[in-house]
Amino acid sequence: MMFCHSLKRGALFISIIALFIGHAQAQEDTVLTVSGDNQEVSYTMEQLENMAQDTITTETPWTKGNTQFTGITLKKLLEQSGIENENIKVGAINNYWANIPYQDIPTYDPILAFKMNGKSMSVRDKGPLWVIYPLSQTNQLTSELLHSRMVWQVNRIEVLH
């Protein structure tokens, strides 16, 4: 009887540990949180990569020559998150943030990039997520306003009211 009781306690302990590890792993996997209107959606990198593979090839002040960025358009991401026609605030790991007005989305069709020249971006390389505008295609290479909205190391997007 004592052996059976110890076995049950051991199984319970292992179950609790597995639950905590699973919860911690889920939190670690989240790379982006989108929130607004009393809802919050969390995304893993795998989910973002499976949603779309949109590409922008552009020059930026931070890269050399034309660079190919792959990601999901902000329009698709916001629609997937249940958000339409809203101004947003994009935040980074280092607490930098920028407001992106809704009119930028249909005008420039920026993407939330997760790859640069076909490779995933590390935090050191401005990743894992970077807002990219098509600066070359829209003749906006010197637009400091758009540069300020090209947040890198993105980890959250919030709806502004």
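Me: In this predicted model, is W130 buried or exposed?
Reply: The model is a predicted one, and the relative accessible area of W130 in it comes to 1%. A residue counts as buried when this value is under 20%. W130 has a value of 1%, and therefore the word for W130 is buried.

Me: How are the rings of W130 and W152 arranged, stacked or edge-to-face?
Reply: A pair of aromatic rings is described by the distance of the centres and the angle of the planes. For W130 and W152 the centres are 5.8 Å apart and the planes stand at 90°. Planes over 60 degrees apart count as edge-to-face. With its planes at 90°, the pair of W130 and W152 is therefore edge-to-face.

Me: How many residues apart are W130 and W152?
Reply: W130 belongs to strand 9, whereas W152 sits in the loop between helix 5 and strand 10. The pair links distant parts of the chain, and the separation between W130 and W152 is 22 residues.

Me: Which word describes W152: buried, partly exposed or exposed?
Reply: The relative accessible area of W152 is 27%. Buried would need a value under 20%, and exposed a value over 50%, with partly exposed in between. At 27%, W152 is therefore partly exposed.

Me: Which residues form one aromatic cluster with W130 and W152?
Reply: The count of aromatic pairs in the model comes to five, and W130 with W152 is an edge-to-face pair. The cluster that holds W130 and W152 also takes in two further names, W62 and F69.

Me: Which residue in strand 9 stands opposite I111?
Reply: Strand 7 (residues 111-116) is joined to strand 9 (residues 130-132) by three bridges, and these two strands run antiparallel. Within this pairing, the residue of strand 9 that stands opposite I111 is I132.

Me: Which residue in strand 7 stands opposite T70?
Reply: T70 is found in strand 4, and strand 4 (residues 67-73) pairs with strand 7 in the antiparallel sense over five bridges. T70 is also buried, with a relative accessible area of 9%, and its contacts beyond four places in sequence include Q53, I111 and F114. The residue of strand 7 that stands opposite T70 is K115.

Me: What is phi of N117, in the loop between strand 7 and strand 8?
Reply: Two bridges join strand 7 to strand 8 (residues 119-120), which run antiparallel, and K115 stands opposite S120 in strand 8. The hairpin of these strands has two residues between them, and N117 lies in this loop. Its phi is a positive value in a residue other than glycine, near 50°.

Me: Which residue is joined to G127 by a cis peptide bond?
Reply: The residue in question lies in the loop between strand 8 and strand 9. Omega of the cis bond is about 5°, and the residue that it joins to G127 is P128.

Me: Which residue makes a side-chain polar contact with the side chain of R149?
Reply: R149 lies in helix 5 (residues 144-149) and is buried, with a relative accessible area of 12%. Leaving aside its neighbours within four places in sequence, R149 is in contact with several residues, among them A98, N99 and Y133. Its side chain makes a polar contact at 2.7 Å with the side chain of D104.

Notes
Residues are numbered from 1 along each chain as its sequence is written. This is a predicted model: local features need pLDDT of at least 70, side-chain atom pairs count only at pLDDT 80 or more; totals for chains, interfaces and linings use all residues. Side-chain values use heavy atoms; hydrogens and water are left out. Helices (H or I, at least four residues) and strands (E, at least two) are DSSP runs, numbered from the N terminus. Buried means under 20% relative accessible area, exposed over 50%, partly exposed in between (1.4 Å probe, protein chains only). A polar contact is a pair of N or O atoms within 3.5 Å; within protein, one must be able to donate a hydrogen and the other to accept it, and residues adjacent in sequence count only if both atoms are side-chain atoms. Contact means heavy atoms within 4.5 Å. Two strands pair if DSSP finds at least two bridges between them. Rings of Phe, Tyr and Trp (its six-membered ring) pair if their centres lie within 6.5 Å; planes under 30 degrees apart count as stacked, over 60 as edge-to-face and the rest as tilted.
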